[in-house]
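Subject: The structure for you to look at

Hi,

Here is the structure I promised to pass on.

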Amino acid sequence: MHGSASPGWLLVALCAATGAYCLLRMRSPVAEQRRAAGGEALMGFGMAAMAVPAAVFAPPSWAWPCYAAVFGAAALRALWTARRSPHHVHHLLGTAAMAYMALVMGASPAHHHEHDGSGVPLVTGVLLLYFVGYVLLSGIRLVPVTAAAAGTGVRVGWGDRPELARACRLSMGIAMVAMLLTL
């Protein structure tokens, strides 16, 4: 992503921490939670890699098509699994957005140095609307889960805490909005 280095590094740290927590969630005894956490870990680490400030490290030209291929394959997998779980529709939109951003960034090498409005404004706008709505709804939904989890007294592992999983998804949604805004 382009822009000053400080926000870029904060975005990298947020996404990498989210990806690391999602790896921790993969140890859950619940199979569906492990599968979802794996996809979210891929998103977190992929977003961290794409958010590294270009002033520090400009990926080689072949990296963007590789990112697009990885996230395109993840989008196809999410499309396949969305048949039985509506949660995977969000994964589908997230991975498709990542593939879109990789294609846009690969197609405009000058994009790394200056904001030139690259990308298809309609696609970028629709993705922005979706992720802003997702962030707002996730933030609202997070409050009751946190309050309910505090009063139960049931001890659960770090990988099985629903409020942390939702906070993880919320932070990735915020990062996606930031990345789309800088596209």
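Below is what came out of it, going from the whole chain down to single residues.

A word on the ground rules. This is a predicted model, so local features need pLDDT of at least 70 and side-chain atom pairs count only at pLDDT 80 or more, while totals for chains, interfaces and linings use all residues. Residues are numbered from 1 along each chain as its sequence is written, and side-chain values use heavy atoms, with hydrogens and water left out.

**The whole chain**

The protein has six helices and zero strands; helices (H or I, at least four residues) and strands (E, at least two) are DSSP runs, numbered from the N terminus. Along the sequence the pattern reads α-α-α-α-α-α. Of the 183 residues, 43% count as buried. Buried means under 20% relative accessible area, exposed over 50%, and partly exposed in between (1.4 Å probe, protein chains only). Contact means heavy atoms within 4.5 Å. Among contacts between residues at least 6 apart in sequence, 77% join residues at least 24 apart.

**Helix α1**

Helix α1 covers residues 5-25. (The expected span is 1.5 Å times one less than the number of residues.) Which residues of α1 are buried? They are Gly 8, Leu 11, Val 12, Cys 15, Thr 18, Gly 19, Tyr 21, Cys 22 and Arg 25. What covers them includes α2 and α6.

Leu 23 is also in α1, but Leu 23 is partly exposed, at 44% relative accessible area. Setting aside neighbours within four places in sequence, Leu 23 touches Ala 41 and Phe 45.

**The cysteines**

A disulfide is a covalent bond between the sulfur atoms of two cysteines. Here it is taken as a pair of cysteine sulfur atoms within 2.5 Å. How many disulfides turn up in the whole structure? The search finds zero. For Cys 15, the nearest cysteine sulfur, that of Cys 168, is 9.9 Å away. Cys 15 is buried, at 1% relative accessibility.

**Where α2 meets α6**

The axes of α2 (residues 31-51) and α6 (residues 162-181) come within 11 Å and cross at roughly 35 degrees. Axes are lines fitted to C-alpha atoms, for helices over the stretch in contact, and angles run from 0 to 180 degrees between N-to-C directions. The crossing is left-handed, that is, the near helix is turned anticlockwise from the far one by less than a right angle (clockwise would be right-handed). On the α2 side you'll find Glu 40, Met 43, Gly 44, Met 47, Met 50 and Ala 51, and they meet Arg 169, Met 172, Ala 175, Met 176 and Met 179 of α6. By class, that makes eight nonpolar, one polar and two charged residues. Ala, Val, Leu, Ile, Met, Phe, Trp, Tyr, Cys and Pro count as nonpolar, Asp, Glu, Lys and Arg as charged, and the others, Gly among them, as polar.

**One more residue**

Ala 74 lies in helix α3 (residues 63-81) and is buried, at 16%. Beyond its neighbours within four places in sequence, Ala 74 contacts Leu 42 and Thr 95. Ala 74 and Leu 42 are 32 residues apart in sequence, yet 8.8 Å apart in space, C-alpha to C-alpha.

Cheers

Conventions. Expected span 1.5 Å × (residues − 1).
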